[in-house]
Amino acid sequence: MGGAGIPLSADHRVSTLKLEAISRWYGNIVAVNDVSFEVGPGITGLLGPNGAGKTTLLHMMAGFLAPSAGAVRLDETPTWRHAEVYRAIGFVPEREAVYPFLTARQFVAASARLQDVDDADAAASRAIEMVDLGNAADRAIGGYSKGMRQRAKVAAALVHDPKVLILDEPFNGMDPRQRLHMMDLLRAMAADGRTILFSSHILEEVERLSDRVLVIIAGRLAASGDFRKIRRLMTDRPHRFTLRSSDDRRLARELLASAEVDAVELRDGMLTVRTGDFGALTRAVAPAAQRAGVSILEMRPADESLESVFSYLVRR
Amino acid sequence: MTAALVSITLRALLNRRRTLLLALLGALLVLVAVLYRLGNPTAAESLDVTRRLLANFGIGVLLPLVAVIVGTSALGSELDDGTIVYLLAKPVARWRIVLVKLVVAWLVTCVLVAPAILLAGVIGQDDPQLAMGYAVASIVGALEYTAIFIALSLVTSRALIIGLAYVVVWEGVVAGLFSGTRAVSVRQHALAVAESFGGAGAGDAELAFGFAVAVSAVVTLGAIVLAVRRLETVELRGETS
């Protein structure tokens, strides 16, 4: 493997991952399409529905997949075919598979040895404590729950104190307490100047953890930047609600009169309301029902799936 | 670094039940030799039968069967289940990974095959040199076979099936029928080594010792180079991309 001696960042911690117009296709299928961005210190969330190309993108960033076009560089070093970059990168794959015959301590210590870490056993113990796996560290991983495996994988990825940590769906299988613990750990690492990139298909995870968000849909970068800005875009988009009441026709008439409602539709015994102001509509429905003298039986968002939110972002 | 690689590979191989079952195949070879010897054959008969037993069962069946299973799983099982990511995400030269996997797979194959051949050879007839010759041949053949099968596991995800087909069709049938193909038969290379080290009773191999060793070395090196190149460019795809 080439790459030995290629300098990484002069700073001992700060590293930047740069994606330069990368695409990846499999035959006629384009999995990632002309994506460019930079990921620097702090926590960046890669958000997108299942099958959007997140894992393909992360694998290219981590040097496990060759871009069909473009390049991924860690500082100035291409990540593809340069094993030396793994001194600076820790990677947590989405796949659950971990050597089932090893204990977590053996697994993490082996990772430390493969990274040429001084005193691998002490480094492994530290990493295991960081992910709160101390009590189960001497049990074979084959008997672990999904959440415990996930933590063992994270411990193995950070045992060499990497400048860049890439995590593919790291919270899968973790219970709420473990999730909070892991979020605190990632925040602490980011505060220390490390570059952390994680993927998720769950909006709330990204919202709680990321300073910056990259939204990927159908292999394309749909949006990137500050999470609050993207959240606002998501919140201000047109919303649709379905309502059931004791008299849908009367309620529809009343709602049409309110300024918050853009349109109403009565079809197949279902009242659908469209609005551009999610908050104002929720406040307007009850008074409208009262004025019309009808009872609300049910009110639910019609298009709140992550996919529909993403589709909206793509269309913009 | 190397010790960690050796440890993971060795534990992965020895944890596989099918690898341990192969030890029973070696025991079967010894059992056949014991049962044959209990029949009190003459010295000339026992030499001839044991030689054929070691050549046809030991070198012809036991060695390639163990090598194909151990060789294709040394790296192939990690590629199949995705645990290879934990090796590839390390600053370890890919040639080092291949060489360590090869040496471990070779040693495991030798441990499962060579003692069984040696024991069967010693029990089946009276010439210890013949037994030693076939044991050495199995060690040389094991290196060539495991290099081929490790490279195969990096070329195809169906390495075990293709490897078994190669053993049966190429080594078992084609090399037996067409003398021209014997130059590139691992089995014939091993038999040439057995003849050279096994003394007068070891039989007459089809290939000259020097030629067999040279071709064996070229094939082994070629397989190693191919394996390293494949591992350098192996791509990991996600389950959900």
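**Group meeting talk: a predicted two-chain model**

Where does B:Arg229 sit? Its place is in helix H9 of chain B, residues 209–232. Along the chain B:Arg229 is 135 residues from B:Arg94, yet their C-alpha atoms are separated by 8.4 Å.

Let me stay with chain B and turn to its helices. Helix H5 covers residues 94–124. At 1.5 Å a residue, its 31 residues should span 45 Å, and the end C-alpha atoms are 44 Å apart, which agrees. There is a bend in H5(B) as well, of about 30°, at B:Cys110.

Helix H7 of chain B, residues 159–177, also bends by about 30°, in this case at B:Trp170. Which residues of H7(B) are buried? They are B:Ala159, B:Leu160, B:Gly163, B:Tyr166, B:Val167, B:Glu171 and B:Ala175. Those buried residues pack against three helices of chain B, namely H3, H6 (128–155) and H8 (186–197).

Now for H1(B), which will lead us over to the other chain. The buried positions in H1(B) are B:Ala4, B:Leu5, B:Ile8, B:Thr9, B:Ala12 and B:Leu13. Why do we say that these residues line one face of the helix? Looking down the axis of H1(B), the buried residues fall within an arc of 155°, so they line one face. As for what they pack against, there are partners in both chains: helix H2 (104–114) of chain A, and helices H2 (17–38), H3 (43–81) and H5 of chain B.

That brings us to the contact between the chains. Chain A puts in 32 residues and chain B puts in 28. On the chain B side, the elements that give two or more residues are helix H1 (2–14) and helix H4 (85–88). H1(B) gives the most, with six residues. By type, the chain B side divides into 13 nonpolar, eight charged and seven polar residues.

Over to chain A, then. Chain A has 14 strands and 10 helices. Of its 316 residues, 43% are buried. If you take contacts in chain A between residues at least 6 apart in sequence, 67% of them join residues at least 24 apart.

Let's zoom in on strand E3 of chain A, residues 42–47. Five of the six residues in E3(A) are buried, so the strand is largely enclosed by the rest of the structure. E3(A) runs parallel to strand E8 (residues 195–200) of chain A, and six bridges join them. One bridge to look for is A:Gly42 with A:Thr195 in E8(A). E3(A) also pairs with strand E9 (residues 212–217) of chain A, in the parallel sense and over four bridges. Here A:Gly45 stands opposite A:Val213 of E9(A).

Chain A also has an open sheet of four strands with antiparallel pairing, in the order E2-E1-E4-E5. Which strands are at the edges? Strand E2 (29–39) and strand E5 (77–78) of chain A, each pairing on one side only. E5(A) is joined to strand E4 (residues 69–74) of chain A by two antiparallel bridges, with A:Arg73 facing A:Pro78.

A:Asp34, found in strand E2 of chain A, has a positive phi of about 50° although it is not a glycine. A:Asp34 has 13 other C-beta atoms within 10 Å, which means that it is partly exposed. A:Ala218 is another non-glycine residue with a positive phi, near 50°. A:Ala218 lies in the loop between E9 and strand E10 (220–226) of chain A, and with 17 C-beta neighbours inside 10 Å it counts as partly exposed.

One last stop: A:Gly293, in the loop between helix H9 (278–292) and strand E14 (296–301) of chain A. Is A:Gly293 buried or exposed? Exposed, because it has 11 C-beta neighbours inside 10 Å. From C-alpha to C-alpha, A:Gly293 is 8.4 Å from A:Leu251, and the two are 42 residues apart in sequence.

Conventions. Residues numbered from 1 in each chain as written. Chains lettered and ligands numbered in written order. Predicted model: local features only at pLDDT ≥ 70, side-chain atom pairs only at ≥ 80, totals over all residues. Contact = placed C-beta atoms within 7 Å. Nonpolar A, V, L, I, M, F, W, Y, C, P; charged D, E, K, R; others polar. Expected span 1.5 Å × (residues − 1). Bend = angle between axes of the 7 residues up to and from the residue. Buried ≥ 20, exposed ≤ 12 C-beta atoms within 10 Å, placed from the backbone. Arc of directions from axis to C-beta. Pairing = 2+ DSSP bridges.
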